[in-house]
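Biologist: Can you walk me through the charged pairs and the chain contact here? Keep it short, please.

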Amino acid sequence: MMAQIGPVAAPAVDWAGLGPVLALALGAVVAIMVRTLARRLPDWVDWAWTALVAAAAAGAAVSLWGRVGAEGPFNAVGDQFGVDRFSLLVTAVIAVSVMLVAPVLHGFCQREGWSGPEIYVLMLLSAAGGVVMAGANDLVVLFLGLEILSIPAYVLAARNLARIQSLEAGLKYFVLGAFSSAFLLYGIALVYGSTGTTNLVGIRDYLSRWVVLSDAMLLAGLALLLVGLGFKVAAVPFHAWVPDVYQGAPTPVVAFMASAVKTAGFAAVIRVFVVAFDLRSGDWQPAVYALAVVTLLTGAVLAVVQRDVKRMLAYSSIAHAGFVLVGVQAASGRGTAAAVFYLAAYSVLVIGSFSVLAAVSGPGDSRTGLDDLRGLNSRRPALALGFTVLLLAQAGVPLTSGFVAKFEIIAAAVDARSFWLAVVAMVSAVVAAFLYLRIMVAVYSSPDGGDGAGDAEESAEPLAVPVLTGLVVAATVAVTVGVGVLPSVLHDLARDAIPALVAAG
Amino acid sequence: MIDFLDAWGLTLVTFVPAVGALVMMAVPGHAESAHKRIAMAASLAAAAMGVLLLAGFDYGAAGSLQFQADLGWIDVINSRYILGLDGISLPLLALTLAVVPLCVIYSWNHIPEPGNPKAFLILMLILETGMVGTFLAQDLILFFVFFEVVLLPMFFMIGVWGGENRRYASIKFFLFTLFGSALMLLSFLALFFLSVDPATGEALRTFDMRALTDTAGAGIMLGAQVWIFAGMFIGFGVKVPMFPFHTWLPDAHTEAPTVGSVILAAVLLKLGTYGFVRIAVPMLPAAAEVWAPWIGLLAVIGIIYGALGCLAQTDMKRLIAFSSVAHMGFVMLGIATLTDFGINAAIFGMVAHGIITGMLFFLAGSVKERYHTLEISRLGGMLAQAPRLGWILGFVSMASLGLPGLAGFWGEFPAILSAYNPANGVSTATFRVYMVIAAVGTVLAAGYLLWLLQRTTMGKPPAEFADDPAIVDVTRTEWLAWAPLLAAIVVFGVAPGLIFEVTDPAVVGAIEGCLQLAGGCDGATGAAGAAMGG
């Protein structure tokens with residue numbers, strides 16, 4: 001018996017191509033090892049190490065970007081994991097998100113009295129999963145990446161043990177996440193059944209060679225893939241977990257989920273639908289169209305009626321996801337570039353916004369009602385101004401990155417002749433603008449509930465904003481305005497970020 | 001000199017106020033008089049640039065864009081930094097540059113509650129940059145950016161320095177305008193992707209307003225044109241505001257601080273009508289022809305509805321706000337005829353309404369300051385207590401109701417007349433009906449304004465204000481701020497050609513598309529316009 005088993009052919013591994021994943025994963029492992037052995041290290045070591053590791057991952061992505069430019073896209077592990085400019089830009093966005101969230105997390109942990117590296121380690125592991133998803137060339141690898149991304153995120157959501165809502169958020173996120181994973185797996189199985197492979201290159205190859213006569217199984221597989229990934233990117237009607245999880249989870253963790261996790265989810269959507277199933281775009285485009293319409297409208301309308309700012313931003317993040325779906329729906333190079341641009345710009349915006357909330361939410365992380373923001377202008381004028389810029393950018397006001405991002409998405413939709421979808425997107429943007437105005441009005445009114453705006457004398461108790469959090473907010477505001485005034489750099493990066501499927505060779 | 005103006009004139013006039021705002025940001029807030037001086041200097045510098053431009057402007061070639069600046073801006077979205085000044089922009093530019101310094105003068109000792117002149121004046125200067133830029137931009141995205149830049153300062157002006165109900169009013173103002181401009185942006189994008197070069201048949205892919213006016217919608221199917229026009233119609237119509245979209249205006253005007261109301265009435269409303277004249281009609285003439293009867297209908301509904309609304313008001317400021325709806329109805333009626341005569345009248349109407357209604361809001365602000373109320377039923381006897389204030393109110397009301405010899409007349413009367421003979425391809429019968437309705441509107445206007453005058457200025461001062469020492473006559477700052485506007489009402493009333501002669505060549509150029517489409521607009525009305533202008 002034994003004699004019949006030949007040696008297993010090990011796939012060719014290009015270690016440099018795995019650089020970002022390795023940096024994040026090994027960084028996490030080193031952090032937990034060192035902190036277990038040397039418990040006396042000061043707390044700042046954790047965030048500094050996390051930011052350093054993320055910077056290393058981003059640096060690896062940058063050097064690979066040049067290599068892809070010179071040699072073209074290539075595969076890092078057999079034909080399972082691809083390195084192309086799309087996956088690299090997504091990797092960079094995830095890494096930068098981690099770099100921005102880590103310092104905020106430090107201030108947050110100090111206020112809450114949490115010590116220990118586990119929250120940072122989990123974030124690094126989750127980010128590594130996101131990077132795997134961005135480059136996955138096989139549905140199974142994609143699933144692995146998704147799980148590596150999600151399981152730490154479930155734990156992160158439940159980290160605030162003192163808050164019952166945080167535990168609820170973790171449980172809800174876990175149950176619904178597991179549910180969506182099941183959908184995804186079933187979808188993968190059905191796609192495998194109809195095409196005979198789980199490899200994206202193979203699927204694309206198969207669909208271009210053969211006409212699938214009875215394609216019910218393939219269509220069902222596509223539908224289930226869309227459901228599974230729809231949960232991750234929080235598209236309506238798979239969004240039910242978002243408001244509760246965003247409200248319950250620790251605020252900096254929410255910043256991470258809204259930026260890195262969402263970006264990784266959309267990277268997977270683009271890789272699977274726009275790239276691998278591009279020949280069947282006639283089948284999935286109408287479904288994504290419908291999802292985008294419901295997502296845009298539900299997100300914006302439900303955001304307006306909330307009283308809690310974290311819930312508001314949760315629903316608004318759903319509306320933003322709808323915008324990215326509009327870019328996906330275009331199923332074009334322009335649409336993909338617009339979606340990547342949107343994700344990059346939005347990640348920075350949302351981290352800035354939630355950093356402000358993390359500073360305001362007070363000990364216990366529960367003061368995030370609209371009334372708790374009253375008088376922020378008289379307590380912390382600079383923070384209020386930064387928050388205003390970030391909110392205006394989310395609303396899509398010109399001269400901010402949010403405007404350019406929305407502009408590119410709408411341009412892609414109009415170019416793809418999806419006029420009505422573009423109209424729905426703009427209407428949703430206007431409805432959502434009301435939400436941001438509501439928050440701004442609260443920020444600029446006086447704390448006693450009256451509306452004597454701007455009276456600095458009767459400021460309430462001073463608000464302690466950690467220096468690092470302040471710096472992160474300043475950095476995100478600078479990026480937001482910078483990209484808004486000079487969008488060329490990010491635009492060119494997004495335009496060059498073309499996803500590619502390279503056959504094993 | 002001309003070289004300097006050619007290269008820098010329009011850029012400077014646009015951004016000098018913004019530079020002033022930047023300087024003010026660097027100066028600490030407690031130096032209040034320094035802030036007032038800087039704001040004054042910046043707005044006067046812009047006005048001085050405006051005088052230079054007016055002097056250097058080639059009036060013989062008012063139909064073509066002058067002092068053009070054309071630089072690369074955001075290449076990635078094919079948007080360029082293009083500014084230009086022609087006969088359509090010129091009167092509106094002059095209006096803007098004149099009104100803002102007057103507002104700064106008025107603000108000298110009228111900073112509304114809760115104070116903070118630094119922020120207030122910074123917002124005013126940013127507003128000026130936005131307004132001037134909108135009138136000069138010759139690129140759709142640049143136009144859109146300036147159009148939006150105007151939105152935020154006004155939002156804060158109403159939302160922070162406004163009256164009782166300011167939150168509601170400011171958010172309503174912001175959302176209505178944003179809704180309109182969202183659809184407008186879509187239309188701009190559709191123009192970008194659908195326009196083709198008529199000579200080569202290739203996709204144009206440009207936001208350059210000059211090129212898009214030249215192609216005039218060639219190659220776009222009429223069905224698509226009608227939809228694109230609809231998007232712009234809502235975008236500009238909200239700003240005008242036209243009848244079903246007007247509900248933000250009375251709230252915004254009533255709650256806004258005096259200077260905010262003045263700028264809103266004098267300039268901001270014109271951004272909408274200017275958009276019709278500059279963008280919607282010239283770029284999509286065929287669609288304009290389809291929409292013309294509907295625009296005309298909404299315009300006359302606005303005229304009658306605004307007038308009836310005025311008659312129902314008990315608040316002086318709200319009454320003036322509703323009169324804006326009626327007056328802008330006349331402007332839109334002129335535009336809807338799609339004739340050079342009608343559009344010339346419309347531009348005159350914009351300037352006249354800007355001066356007159358701006359002045360009325362100044363007066364309302366001063367009345368509020370003295371009486372602490374604008375409730376018409378509580379006021380009275382102003383001629384006895386503050387005679388000059390009362391007489392000025394009477395004079396401006398006369399101008400507003402369209403008394404011949406004052407500026408208001410030349411906005412309304414030719415607009416009504418132009419409806420007698422709209423462009424070929426537009427139903428003449430429909431527009432003659434509109435003409436009659438609009439004429440009835442002028443009677444109603446006389447009614448509400450005279451009624452207002454009678455109740456506020458005549459009779460004996462009411463008991464509660466009879467011995468109030470706060471009720472003084474016109475002060476020195478008020479004279480300084482108001483005299484230029486009062487003079488302009490007379491000057492443009494006596495010599496309307498000052499404006500008509502500048503606008504006419506540009507208007508003829510702008511509706512060239514209509515002319516070609518309809519095989520020549522009615523020459524008789526064009527000649528009448530020229531005669532009236534002379």
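Biologist: Which residues are linked with Arg85(A) in a network of salt bridges?

Modeller: Asp492(A), Arg495(A) and Asp496(A) are linked with Arg85(A) in that network. A salt bridge here is a side-chain nitrogen of Lys or Arg within 4 Å of a carboxyl oxygen of Asp or Glu. A caution on sources: this is a predicted model, local features need pLDDT of at least 70, side-chain atom pairs count only at pLDDT 80 or more, and totals for chains, interfaces and linings use all residues. Residues are numbered from 1 along each chain as its sequence is written, chains are lettered from A and ligands numbered from 1 in the order in which they are written, and side-chain values use heavy atoms, with hydrogens and water left out.

Biologist: How far apart are the closest N and O atoms of Arg495(A) and Asp496(A)?

Modeller: They are 3.6 Å apart. Arg495(A) is partly exposed at 47% relative accessible area, and Asp496(A) is partly exposed at 28%. Buried means under 20% relative accessible area, exposed over 50%, and partly exposed in between, with a 1.4 Å probe and protein chains only.

Biologist: Where do Glu71(A) and Arg67(A) lie?

Modeller: Both are in helix H2 (residues 44-71) of chain A, 4 residues apart, about one turn of the helix. Helices are DSSP runs (H or I, at least four residues), numbered from the N terminus. Glu71(A) and Arg67(A) form a salt bridge, with the closest N and O atoms 3.3 Å apart. Glu71(A) is exposed at 56%, while Arg67(A) is partly exposed at 24%.

Biologist: Switching to chain B. Which residue does Arg388(B) pair with in a salt bridge?

Modeller: Asp473(B), at 3.7 Å between the closest N and O atoms. The two are 85 residues apart, with Arg388(B) in helix H16 (residues 387-400) and Asp473(B) in the loop between helix H18 (428-457) and helix H19 (476-494). Asp473(B) counts as buried, at 18% relative accessibility.

Biologist: Now the interface. How many salt bridges between chain B and chain A?

Modeller: The count is 1. Arg205(B) and Asp415(A) meet in a salt bridge, 3.6 Å from N to O.

Biologist: And what area do the two chains bury between them?

Modeller: About 3000 Å², 83% of it on carbon and sulfur atoms. Buried area is the accessible area (1.4 Å probe) that two parts lose on being put together, summed over both. Val76(B), Arg167(B) and Phe193(B) supply 20% of the area that chain B buries against chain A, more than any other three residues.

Biologist: How many residues does the contact take from each chain?

Modeller: 31 from chain B and 37 from chain A, where contact means heavy atoms within 4.5 Å.
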